[in-house]
Number of protein chains: 2
Amino acid sequence: MRILATNDDGIYAPGLEALVEALAPLGEVVVVAPNRERSATAHAITLHEPLRVEKVSRNGAFFGHAVSGTPVDCVKLAVVSLLEQRPDFIVSGINPGTNVGTNAIYSGTVSAALEGAMNGITSLAVSIDSVEEPDYSPAAAFTRRFIERLASGGLARATAFNVNLPDLPADRIKGVRFTHQGRLMFREEFHQRTDPQRRVYYWLGGELPVADDGADADSTAVLDGYIAVTPLHCDLTDYAALEQLKSWSLE
Amino acid sequence: MRILATNDDGIYAPGLEALVEALAPLGEVVVVAPNRERSATAHAITLHEPLRVEKVSRNGAFFGHAVSGTPVDCVKLAVVSLLEQRPDFIVSGINPGTNVGTNAIYSGTVSAALEGAMNGITSLAVSIDSVEEPDYSPAAAFTRRFIERLASGGLARATAFNVNLPDLPADRIKGVRFTHQGRLMFREEFHQRTDPQRRVYYWLGGELPVADDGADADSTAVLDGYIAVTPLHCDLTDYAALEQLKSWSLE
């Protein structure tokens, strides 16, 4: 089995190392990841400058390819150019901090998995509900089990799975829930400050409210102690709105 | 009526100027746009550095606020901080080059409108099927008519409308079609080259295939000479896949 691993925290992030270690027994794991932190880059790609690729070692051995672009750049470059064969799966993470609710749309971790599915490759984005550096082993072990399950017979179409885990030891995680993307959004504010040259600047801050997002939502499952698995695609069409529009005339 | 105008080509782009001129008779139009080209930034936001805002004049008069961030940053900063009152509508564009099919997910133009809808404000992304600088007036006039229609009674929920026009004079445009986001994707390749210092670099290239994307798709409507209006939301859940997953066990 061939697996491409990437993330949005950069190739040196501990979550990526934990992921690669856990997946190594499944086959060949190739790492193509950003050369620095690129979180909140969503589905951005690099068009107006070239990409550079450097080989990176870890503990004295070759670890992977560091790319001067976004997570989506990494997936494209790996699939279109760097890898000799198409990967069977793409895994993005492990991200400290959930990517649930509406906020998932900002996530580089999630976008890398979406880009994989857009290229016809079943992909996983894996995140843990923790701001501090969490214990990655329950998430890494689940990712391995999930890929084994998918390899033995997945869905008909290549799908992006957005996987979010509670920050709990494996024996306290209650199970798996298949969920939809909820509506949870950051409660945002801009801090307006003055720099040492007395010029004004703005800096985005905010917090993720703990709110009831409905029983079947990703955020609710994680809060309840379950692993949330949400299948995503890249069709943004609001079909309910489209149905209403059919009676409109704009001529 | 209060309208916020933004884009992903930067505050100096002619498409934005044409948009603002066309909408001015409707009420107060406030421009908050990136200070430089930021296309293909998708839903990226700036978290790790501050945003700067500069006032920009055009033809001797104040034109708008130039922000050192992405289109989504501009919408957030405008709505949360810069504007004294919430806008009634947000318009993003006018973009030279369509944002149709799967490719819409990379577009900063489209993401600005999605961000508007996420904040409960009905928003439009407007693009023209042209690579060269097109005649913006048919798109500008349609945008004005569409906003007047929405102001007289819109959909129940704030929606992001992805509007794509053929590059045709107004009297040759055949009408309006309400469409879904098609599956058209760039056919991509990376150009591998060597720089003057003999180091390898990669640069993303590609072309948009002219392919049949189905009768109700955005790209097909534009090819057929119609204005494509696609309602978008930010729920990426693949509900068909979710239904299949309900029979799975991952414990």
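1. Shared surface. In this predicted model, 100% of the interface residues of chain B are also interface residues in chain A, so the two copies meet through the same surface. Chain B puts 56 residues into the contact, and chain A puts in 57 residues. On the side of chain B that touches chain A, at least two residues each come from α2 (71-82), α4 (137-151), β8 (175-178), β9 (187-194), β10 (200-207), β11 (226-232) and α6 (239-245) of chain B. By type, the residues on that side of chain B are 32 nonpolar, 15 polar and 9 charged.

2. Symmetry of the pair. Chain B is superposed on chain A by a rotation of 180° with 0.0 Å of shift along its axis, and the RMSD is 0.0 Å. This is the relation of a two-fold axis.

3. Confidence. The model has an ipTM of 0.93 and a pTM of 0.95. For chain A, the average pLDDT is 95, and 100% of the residues score at least 70.

4. Overall form of chain A. There are 6 helices and 11 strands in the secondary structure of chain A. The C-alpha trace of chain A spans about 55 × 55 × 50 Å along its principal axes. A compact globule with 251 residues would have a radius of gyration near 18 Å, and the 19 Å of chain A agrees with that. Of the 251 residues in chain A, 53% are buried. Taking contacts in chain A between residues at least 6 apart in sequence, 76% join residues at least 24 apart.

5. Helix α3 of chain A. How many of the 11 residues of helix α3 (residues 108-118) of chain A are buried? The count is 11 of the 11, so helix α3 of chain A is largely enclosed by the rest of the structure. The buried residues in α3(A) include A:Gly108 at one end, A:Met118 at the other, and A:Glu115. Also buried there are A:Thr109, A:Val110, A:Ser111, A:Ala112, A:Ala113, A:Leu114, A:Gly116 and A:Ala117.

6. What surrounds α3. The buried residues of α3(A) pack against one helix, α2 (71-82) of chain A, and against the strands β1 (2-6), β5 (89-96), β6 (123-128), β7 (160-165) and β11 (226-232) of chain A. After α3(A) comes A:Gly120, which has a positive phi, near 80°.

7. Strand β11 of chain A. Strand β11(A), one of the elements that α3(A) packs against, has 7 of its 7 residues buried, so β11(A) is largely enclosed by the rest of the structure. Which residues of β11(A) point one way, and which the other way? A:Tyr226, A:Ala228, A:Thr230 and A:Leu232 point one way, while A:Ile227, A:Val229 and A:Pro231 point the other way; all are buried.

8. Partners of β11. Two pairings of β11(A) can be described. With β7(A), the pairing is antiparallel and runs over 5 bridges; here A:Asn162 stands opposite A:Thr230 in β11(A). With strand β8 (residues 175-178) of chain A, the pairing is parallel and runs over 4 bridges. In this case A:Arg177 has A:Ala228 of β11(A) as its bridge partner. In chain B, both β8 and β11 are among the elements that supply at least two residues of the side touching chain A.

9. A cis peptide bond in each chain. In chain A, the peptide bond from A:Gly93 to A:Ile94 is cis, with omega near -5°. A:Ile94 lies in strand β5 of chain A, and β5 of chain A is among the elements packed against by the buried residues of α3(A). In chain B, the bond from B:Gly93 to B:Ile94 is likewise cis, with omega near -5°. B:Ile94 is placed in strand β5 (residues 89-96) of chain B.

10. Positive phi in a loop of chain B. B:Ala40 is not a glycine, yet its phi is positive, about 65°. B:Ala40 is in the loop between β2 (28-34) and β3 (53-58) of chain B. The loop between β2 and β3 of chain B also holds B:Ala42, a residue other than glycine with a positive phi near 50°. Are these two residues buried or exposed? B:Ala40 counts as buried because it has 21 C-beta neighbours inside 10 Å, against a cut-off of 20 or more. B:Ala42 has 28 C-beta neighbours inside 10 Å, so B:Ala42 counts as buried too.

How values were computed
Residues are numbered from 1 along each chain as its sequence is written. Chains are lettered from A and ligands numbered from 1 in the order in which they are written. This is a predicted model: local features need pLDDT of at least 70, side-chain atom pairs count only at pLDDT 80 or more; totals for chains, interfaces and linings use all residues. Two residues are in contact if their C-beta atoms, placed from the backbone, lie within 7 Å. Ala, Val, Leu, Ile, Met, Phe, Trp, Tyr, Cys and Pro count as nonpolar, Asp, Glu, Lys and Arg as charged, and the others, Gly among them, as polar. pLDDT is the predictor's confidence in each residue, from 0 to 100. Copies are superposed by least squares on the C-alpha atoms of residues with pLDDT of at least 70 in both. A residue is buried if 20 or more other C-beta atoms lie within 10 Å of its own, exposed if 12 or fewer, and partly exposed in between; C-beta atoms are placed from the backbone. The radius of gyration is taken over C-alpha atoms; the globule rule is 2.2 Å times the number of residues to the power 0.38. Two strands pair if DSSP finds at least two bridges between them.
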